[in-house]
Amino acid sequence: MTQPAPSAQHNGPDKGTLTGPSDTQPSKSGGGTPALGLRLDVRILSLLGVLAALIVVGGITEPDAFLDTGNLQLILTQASVIGVVTVGMTFVIISGGIDLSVGAMVALASVWATTLATQEYGFAGIAFTAVIVGLAAGLVNGVLIAYGGMVPFIATLAMLASARGLALQITDGKTQIVTVESVLDLGLPDSYILGIPPLVIMFAVVTVVGWLILNRTTFGRRTVAVGGNAEAARLAGIDVRRQRLYLYLLSGLCCGIAAFMLIVLAGSGQNTNGNLYELDAIAAAIIGGTLLSGGRGTIVGSVLGVLIFTTITNIFALNNLQSDVQQIAKGAIIVAAVLVQRRTMRGRET
């Protein structure tokens, strides 16, 4: 008889309640928690070291421009939009899935929320529409994958194409300018709180909530269990299909929030919004320590991955380097992160 995996143990009368750390597997030596904490600390410290090195490089190459308060605020603001998307993507990847449609969902939500009909309802209408459209798109993904039996890659690829097409149809290829002052005011320096842009605060809130859900709730433990061994999770009493549905809903919710943030940042809605967000979010999650095979990942690592990529882009822009060089650098970082992951996994198996 197949026994549940260590991350899917029974705990009391509720078979769906799991025990154990949410982002890694227990150590073979028996000293599980200390060893896990050490590995996690080393990974996070490594990412912090990379980020610190990039700040030093930026400070040396363009000291006046890079270390300017306005530029640092810009880095954090730009990281906020893709960062919210990455939080949702991290949950999906931990569960063993993938979402290639996040950029297209951001575009669709942003243009739907900035139509003239929507803007008539003001701030609340724009924010509500962006979130609802993101949730609706995530629901379609979740139903197709969880209950339709479609492979996540194919289902979300289809959503990518459909959402982009619908966004183009809504805008007719034109930029939709936002005229609601209360929305535009969020992007102005006058709205900063203690020098912190409101979008950065929104990103911080999403990050904290995501961390709490992943590490302090049954939902987070079930997510890890499904990604680590879906069959063992099913035997432990988890409704795997429903869990996957919820995860794609969560990804859609994050895309809706990010769409509203992008509307504030750009002051408009365009069908090209969110271009390549799926690649940036996946890359940030990977270098943050999330396994593409599922079963392990951290919100903090993913956020640091976003900050690393955003800082690299900013440094390259300040030094007038071509965008193709930026993409090559990002690709090299992704390859290096995957190789480190594979080496780490081999080390655990031996």
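1. Helices here are DSSP runs of H or I with at least four residues, numbered from the N terminus. On that basis Phe153 has its place in helix H7, and it should be kept in mind throughout that the model is a predicted one.

2. Phe153 also belongs to a nonpolar patch on the surface, which it forms with Val140, Leu144, Met150, Val151, Ile154 and Leu157, and the accessible area of these residues together is about 550 Å². Helix H6 (122-147) and helix H7 (152-171) each supply at least two residues of this patch, with H7 giving the most, namely three residues.

3. Helix H3 (residues 69-94) packs with helix H12 (residues 240-266) at an angle of about 175 degrees, and their axes lie 8 Å apart. Since angles over 145 degrees count as roughly antiparallel, H3 and H12 are therefore roughly antiparallel to each other. Among the residues making the contact are Val81, Val84, Val85 and Phe91 of H3, together with Leu250, Cys254, Ile257 and Met261 of H12. Sorted by class, the contact of H3 with H12 has 14 nonpolar and four polar residues, with no charged residues.

4. With a salt bridge taken as a side-chain nitrogen of Lys or Arg within 4 Å of a carboxyl oxygen of Asp or Glu, the count comes to one salt bridge. The side chains of Arg234 and Glu231 meet in it, at 2.5 Å from N to O; both residues lie in helix H11 (residues 230-235), three residues apart, which is about one turn of the helix.

How values were computed. Residues numbered from 1 in each chain as written. Predicted model: local features only at pLDDT ≥ 70, side-chain atom pairs only at ≥ 80, totals over all residues. Heavy atoms only, no water. Axes fitted to C-alpha atoms, helices over the stretch in contact; angles between N-to-C directions. Parallel < 35°, antiparallel > 145°, perpendicular 65-115°, else oblique. Contact = heavy atoms within 4.5 Å. Nonpolar A, V, L, I, M, F, W, Y, C, P; charged D, E, K, R; others polar. Patch = residues over 30% accessible without salt bridge, like charges linked within 9 Å, V, L, I, M, F, W, Y side chains within 5 Å. Areas by Shrake-Rupley, 256 points an atom, 1.4 Å probe, with all protein chains shown as cover.
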